[in-house]
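Please examine the sequence and the three-dimensional structure shown below. The briefing that follows is arranged by topic.

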Amino acid sequence: MASLKSLPSWLVALGAGATSIPVVGPWVSATVHHRYLGPTVVAAVALGVTGLGKLAAGAFGHVRPRLAAWLELLLVRWFSRFGPWYRRVVLTDSRSMGREGFGGLVARGLDLDRVYIAVSLVSRAPRSASPHLVRSPGVAEGDRRQDISSFLHADGPSVLVILGGPGSGKSTLLRRIARQAGRSRGRAARVPIFLALREHAAAIVADPRLPLSALAGRAKAPLLTGGTVPGLLAPDSRRVDALVAWFESLLLAGRCVVLLDGLDEVATEDERSAIVTWANTQILRHPGNDYLLSSRPDGYRAGGLDDADVLEVEPFTTAQVNAFVVEAYDAVGSREAARRAADLSRQLGEASRLRPLTRNPLLLTMLYFVHRDRGSLPASRLELYRQICRTVLADRQKDKRIAVPLPVEQSETLLSGLALAMTREGRATTWARAQVLDQLRPHMRALPVTAEDFLDMVGLHGLFVESGIGRYAFTHRTFQEYLSAVALAAAPPAELPVDDPWWHETLLFYALLTGPDPVVRACLAHDTVTAWTLAFDCADQATAAQPLDPRLVARLDRLLTVPADEDLDPARRKLLAGVLATRHLRDVVHTDRDQVVCARLVPSALYRLFLDDTATRGTDPAVLGEDDQPVVGVLGGNADAFVRWFNEVGAARCRLPTRDELTGEVVRKLGGPRAADSPPPSVWLAGHATPTLWTGAGHEHPWAVSAGEIRQQWHADLKRPGALVARLLVVRCLSDLRLIARLREDLGRTWNDDPAVTAACDEIRAVLSLLALSIGPSHMTWYSAHPDSADKMFLALSDAHVSLERQGSPVADAIAPAPGHLTRHLGAPVTARQRSEVASGRLAGVIAEGRRQVLGHRIADALDRTVRDEARSSPASPLPAARTSFAQHLGRVVQPLARTWTVPPEDLGDLTRIACRDHRTLSDSPWSRAVTWQLAAVAEPVFAWRRPVAPDLATQIRFGALCLASEVEAEAEARGSRNPARAVLAGRFRDIAAGVTLLGLRTAGPARPTEGILLAVD
């Protein structure tokens, strides 16, 4: 063949003109859209090039060959304009959503432009990436999930590795990036180069030095055929070279985003290693571009890209699932799209067992097509999985890539036999290719396809896929379980493995296929948590068409009866607890951030078993109802203890939920049907150190106690029967008499003519007269016989004090010193300060101070006012009138109350110990010391839940705490100090009063406990 050098100059010029036609043709057709104008422009350009060629050949004949080659390359670069044409090819080629992953489902109408949900990515070490097809989003990863845009072009060119399991959306993500780049315009726009590595592995391995531009040019050249002038645009070598040169110029300019898809789909580890080495070389050669490589985790662990950021595709969240459903139905364009999307979202949200499938884009798409074809997801779980499998297998028959499709029933039989064989082989969810083929071959001898072809066929459509290098698995374990049950029902075994958790779901499907009776009978022959749980689950899913034998129903009902007052055998209690714990977690809700929360409060039956198992039934204030009713009134610490016990007896790992998890559907279910007079529940949440209580918005806190409620209880306490005022008046008189007697002994004086002594004695006689009218003359015998004898009066009053103390009065017991405390105080010697005051003529002040020491400031002051009121009233005024007067004057104790308290009941014990200890440290008042000792002694067993909160005990604790709070403030007023510690102490005593008021109201009935336990599943 003649070379360019031997050709005449006019022929070279003509050749150059002709050569320009295939170069400029695509550009002209893309810019000049006219049936006549386009070809005219092409011809004009060709003639012009011919003229230039002729001129150049005549002037520079000695360099004709080199000039011809240079001119040809120059014309290609100047006139080719591959950009618009290539972008059109990219947009056409990337329109389908994951063609390799979704198989025939793509042909049914999922358009990447109309249905795409951006997957979330997290940075991950390659060896920690999950190879599983379906997994749940991690709670801790919620804040680290990012879109691909967060990693691309962040700080210059990016090198990213995208890892994910089958159907997770890796390839779709790369196609989406290619599509977005193909639509971009401007000098800064990136040109996408998408290469499926399995198609080019042989070329790369054969020539490790193969440039990326050459690989891309050769791969894309066949797509650039066709144009304005048919027959003149065939992809010859010059055109390929021009395309390679175009790609090279773009790569050198750093204007490309290189998308290398499916490293794991390359057959051998040596080939994958060679491709990674080749990719590293291309990155070094053209460092200004973005590079993304996708792979399943198993295919990338042998070796990696240098300096690459490794990202893992995260499972879909609930929000992403709902968004996909809406977009998929919007793409249909039906008037019913919104309603049908809402219906599918509702069904997916309510079917907790389907939730794991929705995390995987491929499986979610399967569910969408079943719903779209049928108008609704089947109500039966069995029918749903049957429809999914048959929908996928039916689509496989329509795939043109499959030469000899098998009938759906035949394919299902082969897959079910394979699934049962895998299930029987020791918890296998993946098999090596050789194992799969060995299982299939004996069943395919008479079929028109080989085992190898069948395996490739089902792999195209996402039901049984290559999950790792050379290993195969069903897309989700439930497909393996359903198909295993189909094979098992075709040939029922003599014995069912009901005691093996691995078979639980398979046997549930089996019960749906054959009826529940055989499975339940087999379960009742085993006394294990696994078998009993399976029996109850079979009973729950029994249908009207296949009901459970009534005799078996009765046996199951008897099994779960938890006696309220009968001690169970520890082994049986453990068995019951395990079954109830497992069944309790059947009803779960997936939150918006994909945490799993049980939708029901812990029932009384389960909590009763916890109390019995931990021997704490008598020391727990929780309120137990019927077995299926929630336990309420649970303390936070006990909620923590219950969770620890639950994790010991149950199969799942649980914890208290967090505040973020208590949203949406969880709250709606908590506020579901309940009695009209039942308060809304509150639940314990996980806190930093201790649990915290959550109450729904708009509802009153269950610990809330208002100042009005405390005052109301205070006044009710004062009206309770008992000799409160009489007992306090006796103590007052005893204090006065003993103080005067001690001063006489100490100073050697009688003070018969001292006005203060005379007034004190007159008051004592008046009080004694008042007491005689109210409590009878029997205790006044010595006084009547010797009215002027102080000693006789003291003995009479002491006798009356003992008698009154025996009568019992919760209020008096709270604030009146016990005889022992009183005797120790009255026997104390005279102090130097008292001598000094007496010497200064202030005996009345010493007597008043003595009363405050034995009764406290507030009570002593109220009694003084009461005695003065009685002195002004008519003679022989009855004691009830004095009680009314005293109650009015003691009202100062509750005057500062002006807010609402929320005191945790389980803090009351520690609060009381601390407050009483601190008060004894701050105060030297004998009354304060006596009352704090009494308060601590009474409150300790109540707040330790060893004694019920009886009304008398609540009164005694409340009254004592409020009087101590007021006494702390009165002491501060008397000393003229503003010690912050005293203000804190007074607040603690009022907290105690508020807390015991709440417990009293709950015991009496006006207030109901609502604190329950909700479990979150890890």
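**A three-stranded sheet and the overall picture**

Three strands, in the order β14-β13-β17, form an open sheet with mixed pairing. Its edge strands are β14 (692-695) and β17 (1011-1012), each of which pairs on one side only. The model is predicted: local features need pLDDT of at least 70 and side-chain atom pairs count only at pLDDT 80 or more, whereas totals for chains, interfaces and linings use all residues. Residues are numbered from 1 along each chain as its sequence is written, and side-chain values use heavy atoms, with hydrogens and water left out.

**Terms for strands and helices**

- Helices (H or I, at least four residues) and strands (E, at least two) are DSSP runs, numbered from the N terminus.
- Two strands are said to pair if DSSP finds at least two bridges between them.

**The protein as a whole**

- The protein has 43 helices and 18 strands.
- Of its 1018 residues, 52% count as buried; buried means under 20% relative accessible area, exposed means over 50%, and partly exposed lies in between (1.4 Å probe, protein chains only).
- Among the contacts in the protein with a separation of 6 or more, 74% come from residues 24 or more positions apart; a contact means heavy atoms within 4.5 Å.

- Strand β13 (residues 682-685) pairs with β14 in the antiparallel sense, over 4 bridges.

**The six-stranded sheet**

- A further open sheet has 6 strands in the order β1-β6-β2-β5-β4-β3, and its pairing is mixed.
- β1 (121-123) and β3 stand at its edges with a single partner strand each, so one side of each is left without a neighbour in the sheet.
- From one strand to the next, the twist averages 25°; axes are lines fitted to C-alpha atoms, for helices over the stretch in contact, and angles run from 0 to 180 degrees between N-to-C directions.
- Helix α7 (residues 197-206) packs on this sheet and touches β3, β4 and β5. The direction of α7 makes about 80° with that of β3.

- How many residues of strand β4 (residues 256-261) are buried? The number is 6 of the 6, so β4 is largely enclosed by the rest of the structure.
- C256, V258 and L260 point one way from β4, while V257, L259 and D261 point the other way, and all are buried.
- β4 pairs with strand β3 (residues 191-196) in the parallel sense over 6 bridges, and V257 of β4 is the bridge partner of P192.
- β4 also runs parallel to strand β5 (residues 290-295), to which 4 bridges join it; the bridge partner of V258 in β5 is Y291.
- Together, β4, helix α10 (residues 269-285) and β5 make a right-handed β-α-β unit. Such a crossover is right-handed if, with the strands pointing away from the viewer, the path from the first strand over the helix to the second runs clockwise.

**Helix packing**

- Helix α22 (residues 517-524) and helix α24 (residues 550-559) have axes that come within 11 Å and cross at roughly 40°. That angle makes α22 oblique to α24; angles under 35 degrees count as roughly parallel, over 145 as roughly antiparallel, 65 to 115 as roughly perpendicular and the rest as oblique.
- α22 passes α24 in a left-handed crossing, in which D517, V520, R521 and L524 of α22 make the contact with L552, R555, L556 and L559 of α24.
- A crossing is left-handed if the near helix is turned anticlockwise from the far one by less than a right angle, and right-handed if clockwise.
- Helix α13 (residues 337-350) and helix α15 (residues 361-374) pack at an angle of about 125°, with axes 11 Å apart, and are therefore oblique to each other.
- The crossing of α13 past α15 is right-handed. The contact is made by R340, D343, L344, Q347 and L348 of α13 and by L364, L367, Y368, H371 and R372 of α15.

**A buried helix and an exposed residue**

- In helix α21 (residues 504-514), 9 of the 11 residues are buried, so α21 is largely enclosed by the rest of the structure.
- Just after α21, G515 takes a positive phi of about 105°.
- R833, found in helix α36 (residues 832-839), is exposed, with a relative accessible area of 56%.
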